[in-house]
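Please read this short briefing alongside the sequence and the 3D view that follow.

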Amino acid sequence: MAFAPKIITCLLVLTVYMADQTESHIACGTVTSTLAQCITYLTNSGPLPSGCCVGVKSLNQLAQTTPDRRQVCECLKLAAKDINGLNIGLVATLPTTCGVSVPYPISFSTNCDNID
């Protein structure tokens, strides 16, 4: 009978582990603060600061799972609504400009639920 509690414990741990894979662990505050240095560039108000690309690369490394990538997408779309004068062309090419490959288009119309 001592074996049954061990099986139950293993099943609970497995359930918790599987649940973690469906939820994002990236907060929108992290997304916006990581990319804050990009705003002047993306609004045509200044050159591309090196810290911007550091943030883009850091965010790309943080978003390793599908839920994380979807969360980052939603956070970026939400943040973009609050920034006046964003240059959509610069926004779309920012990952490439910073040497990061993103397998989906960067656009305000991107459906974040379709990101893998």
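Helices (H or I, at least four residues) are DSSP runs, numbered from the N terminus, and Thr40 is found in one of them, helix 3, which covers residues 39-42. This is a predicted model, in which local features need pLDDT of at least 70 and side-chain atom pairs count only at pLDDT 80 or more, while totals for chains, interfaces and linings use all residues. Residues are numbered from 1 along each chain as its sequence is written, and side-chain values use heavy atoms, with hydrogens and water left out.

**The nonpolar core**
- A nonpolar core is a set of buried Ala, Val, Leu, Ile, Met, Phe, Trp, Tyr and Cys residues joined through side-chain atoms within 4.5 Å, where buried means under 20% relative accessible area, exposed over 50% and partly exposed in between (1.4 Å probe, protein chains only).
- The largest such core has 20 residues, and Val31, Cys38, Leu42, Val56, Val72 and Leu94 have the most contacts inside it.
- Two or more residues come from each of helix 3, helix 4 (50-62), helix 5 and helix 6 (88-97), with helix 4 giving the most, 4 residues.
- Beyond its neighbours within four places in sequence, Leu94 is in contact with Cys38, Tyr41, Leu42, Leu48, Cys52 and Val56, contact meaning heavy atoms within 4.5 Å.

**Thr40**
- Thr40 counts as partly exposed because its relative accessibility is 40%.
- The C-alpha atoms of Thr40 and Leu86 are separated by 9.1 Å, although the two residues lie 46 residues apart along the chain.

**Asp68**
- Asp68 has its place in helix 5 (residues 66-80).
- Leaving aside neighbours within four places in sequence, Asp68 is in contact with Glu23, Ser24, His25, Ile26, Leu62 and Ala63.
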